[in-house]
Amino acid sequence: MKSITKKVILTGSFSVGKTSLISRFVYQSFSAEYKTTLGVKIDRKTVELDNCIVNMMIWDIGGEQNQARVPETYFLGSGGVIYVFDISRPSGFSQITDDIAYLTAKLKDVPVVVVGNKIDLLDVVTLEEVKQIIPVSVDFYTSAKEGTNVENVFTHLAQKLVNESQ
Amino acid sequence: MNLNDYKTAFCFRQVQAIIFNAGGQLLESCDTLISVSKHPNANLFELFPVLESVKGNLSSFAAGKNDKLVLPRVEFPFDDQFFICDFHFSMVYHHNQNAYLWILHDLTEQYNYLFLVQQERNETIIEAQKLKIDNEILTLQKDITLLNNLRHIRRNLNTTITAEIEAPLNRIMALANKLKESADTKQEYNYLASMESAVSSIDDQLTQSRPMQLDLLLIPPDRTEINLQDLLWNVLKIFNYGQRTKVSPVYLNFKPGLPQSVLVNKPRLAQLFHNFFEYALFDWGSTLSSLSVSLQELKPAFCKLEFILTNNINPLTEQEIARLSEKMEEDLSELARTFKGKFDLFVLPEDQKVIMTLHLSFRVAVAKNASSS
C-alpha cells in the first residue's frame, strides 16, 4: 500500500485543547489539568486509510493570542493545518477569522481543518446557539475529554493530504 | 584559563553538536546533553520525529550557501529525560561529504521559568474571561428578574382592566343585537349593526390581550382560525353609518379561490382592515365604488392577498391624491411593517380610476385531505 509522510501542525489560541486533542489521538489519554505548551512538541501517528498509509508528524504548537506571534519556522514544510478554538470561550471567536486568514496566506494550498473543541462543556441547546455566532465555517466540533470526533478530525485531514499528494 | 576558556567551558555544558547525513545516519555526536551515540545504528529520522518533519527543509539546503534553520523552544524527551532546546540546523562538509550539523542549545532552565510565567499569564487571562462571563450572567439574571416583575405587574393590571371592561362591552353587544331585531328602518338597523361590530372589535382586542394569552408566548397570537369574508363584512359594517348619501353600497368582490378560513391574528387584521377602509372612506366619501379581494399563491400554504378599493365616480384631484398618499405613508407604514404588508395608491389615467391597494402575505390553513387549490 502507498505510504506518505506529512507534517501536520495544530495551532490556535492558548488553552483551547490542542495538546489534549493530540493526547487523545496519539495516546488515548486525557488530563483535565491545564499545562501550557511553551514552544512546540512533536509526535508521530500513523493513519491507515483504504488506499494509503499516512505517517503524520504532528506539531503541537504553543498557543498564542494570535498566529502572527508563532515563530515562522514552525510553519515550514507543513502539509496540513488543524486550527483549534475553544467553543466555550466566545471571547476568542473574534480572533478566528484573522488567524485563519493569516494561516492560509502563510501556507498557500495547504488544507486547513477548523475544529471547535470542548463541546462537552456546553449543553446541546447552548452549543447550537454558539454555532450561530462563530464567524467561520467549522469542520468538526470535538471533545478531547470524551473523544468525540477526535479520530474523525485526523482521518479527514489524512484523506485530504492523500488527495493533495495525488 | 582565560576568559575565552571560561566562556567555552560554560557553553560546552549547554550545547551539543550532532552531525548526520541525508539518510539520517549518525556521523558524529559530542553527547553533551543526549547520548545519541548509544544508538549508532539507529536512524535519527526515526529516533526524532522533529528531524523527519524537517527532512524536506534540510534537503533544500545548498552546499556552501550558509542555509540554516532555527527552531526555538522544541520540547522533547530522551532517555526518560525532558528537554527544551533551541535547534539550529545547517549544512557542513564532513569527512569529504555533505552532512547536516544539528546544534542543540539547552535552555531548559530558562524555558522552565518562562513556562511558569506563561502558565500564570494564561491562567490569569482565562480567569479574567471567566469573571467577565460571570458578571454578564449576573447582569442578565438581574434583567430577567426585573422583566418577570414587570410581567407580573402587567398581568395583574390586565386582569383588572379586562374584567372591568369586557362585562359592559358584552352587555352593549347583546343590547345592540336585541335592538336590531326591532329596528324600524334599514338605516336604524345599519346603525346598530355598526355599533355591534365596532364593540365586537374592541372585545376581540381585549380577548387577545388577556394575561393568560400574553404569557403563552410559545403560541403566537396569529393562530386564530377565522373566516376571512366574514371578517371583512364585519369590519365594513362599522362604516355603514357613513354611507348615508351613497348611491350604491360598496361592492365586495371576492375573487374565486379566496380561502374561507385563514390563520391570522384576528383583532390586528381587523384593525388593519379598519384603517384601510377608514382612509378610503374618509377621503373618498360616497364615491367609493368597489372593493375586490383576490388571492395569489406564492408557495404552498403561503398566499398573497390583494385588496383593491376603486373609486371611478368622482376622481380625486392630483393634490388630493398626493395628500392621501403622504398620509398613508406616514400613518400606515408602521402597521404595514407589523403585517409585512404594502400599501400603494395610484391613478389609472384613462378612466380616472383611483386605486388604493393593500398587499398582505400570510399563511393559509388547509384542512387535512382537502385539495390545496
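Analyst: Start with burial. A residue is buried under 20% relative accessible area, exposed over 50%, and partly exposed in between, using a 1.4 Å probe and protein chains only. This is a predicted model, where local features need pLDDT of at least 70, side-chain atom pairs count only at pLDDT 80 or more, and totals for chains, interfaces and linings use all residues. Residues are numbered from 1 along each chain as its sequence is written, chains are lettered from A and ligands numbered from 1 in written order, and side-chain values use heavy atoms, leaving out hydrogens and water.

Chain A has 166 residues, and 53% of them count as buried. Chain B has 373 residues, with 37% buried.

Helices (H or I, at least four residues) and strands (E, at least two) are DSSP runs, numbered from the N terminus. Chain A holds 4 helices and 6 strands. Along its sequence they run β-α-β-β-β-α-β-α-β-α. Chain B holds 9 helices and 12 strands.

Contacts come next. Two residues are in contact when heavy atoms lie within 4.5 Å. Take the contacts in chain A with a separation of 6 or more: 72% join residues 24 or more positions apart. In chain B that share is 61%.

Now the interior itself. In soluble globular proteins, nonpolar side chains tend to be buried together. A nonpolar core here is a set of buried Ala, Val, Leu, Ile, Met, Phe, Trp, Tyr and Cys residues, joined through side-chain atoms within 4.5 Å. The largest such core has 54 residues. Which residues have the most contacts inside it? They are Trp59(A), Ile34(B), Leu71(B), Phe87(B) and Phe89(B). Strand β3 of chain B (residues 68-78) gives the most to this core, with 5 residues. A second, separate core has 27 residues, including Cys52(A), Ile58(A), Ala158(A) and Val162(A).

Look closely at Trp59(A). Its relative accessibility is 0%, so Trp59(A) counts as buried. Leave out residues up to four places away in sequence. Trp59(A) then touches, in chain A, Lys7(A), Val8(A), Ile9(A), Leu10(A), Val40(A), Lys41(A), Ile42(A) and Tyr74(A). In chain B, Trp59(A) touches Val50(B), Ser53(B), Val54(B) and Leu71(B).

Rings of Phe, Tyr and Trp (its six-membered ring) pair if their centres lie within 6.5 Å; planes under 30 degrees apart are stacked, over 60 edge-to-face, and the rest tilted. By this rule there are 16 aromatic pairs over all chains. One is Trp59(A) with Tyr74(A): edge-to-face, 6.3 Å centre to centre, 65° between the planes. This pair links distant parts of the chain, 15 residues apart. Trp59(A) sits in strand β3 of chain A (residues 52-61), and Tyr74(A) in the loop between β3 and β4 (78-86) of chain A. Tyr74(A) has a relative accessible area of 1%, so Tyr74(A) is buried too. In chain B, ring pairs link a cluster that includes Phe45(B), Phe48(B), Phe87(B), Phe89(B), Tyr100(B) and Trp102(B).

Turn to a helix contact in chain A. Axes are lines fitted to C-alpha atoms, for helices over the stretch in contact, and angles run from 0 to 180 degrees between N-to-C directions. Helix α1 (residues 18-27) and helix α4 (residues 150-165) of chain A have axes that come within 9 Å and cross at roughly 85°. α1(A) and α4(A) are therefore roughly perpendicular. Angles under 35 degrees count as roughly parallel, over 145 as roughly antiparallel, 65 to 115 as roughly perpendicular, and the rest as oblique. Leu21(A), Arg24(A) and Phe25(A) in α1(A) meet Val150(A), Glu151(A) and Phe154(A) in α4(A). By class, this contact has 4 nonpolar, no polar and 2 charged residues. Ala, Val, Leu, Ile, Met, Phe, Trp, Tyr, Cys and Pro count as nonpolar, Asp, Glu, Lys and Arg as charged, and the others, Gly among them, as polar.

Last, a strand and the loop after it in chain B. His94(B) lies in strand β4 (residues 81-94) of chain B. Its relative accessibility is 10%, so His94(B) counts as buried. Beyond neighbours within four places in sequence, His94(B) contacts Ile19(B), Leu27(B), Glu28(B) and Ala99(B). Asn96(B) lies in the loop between β4 and β5 (97-106) of chain B. At 69% relative accessibility, Asn96(B) counts as exposed. Its phi is near 65°, a positive value in a residue other than glycine.
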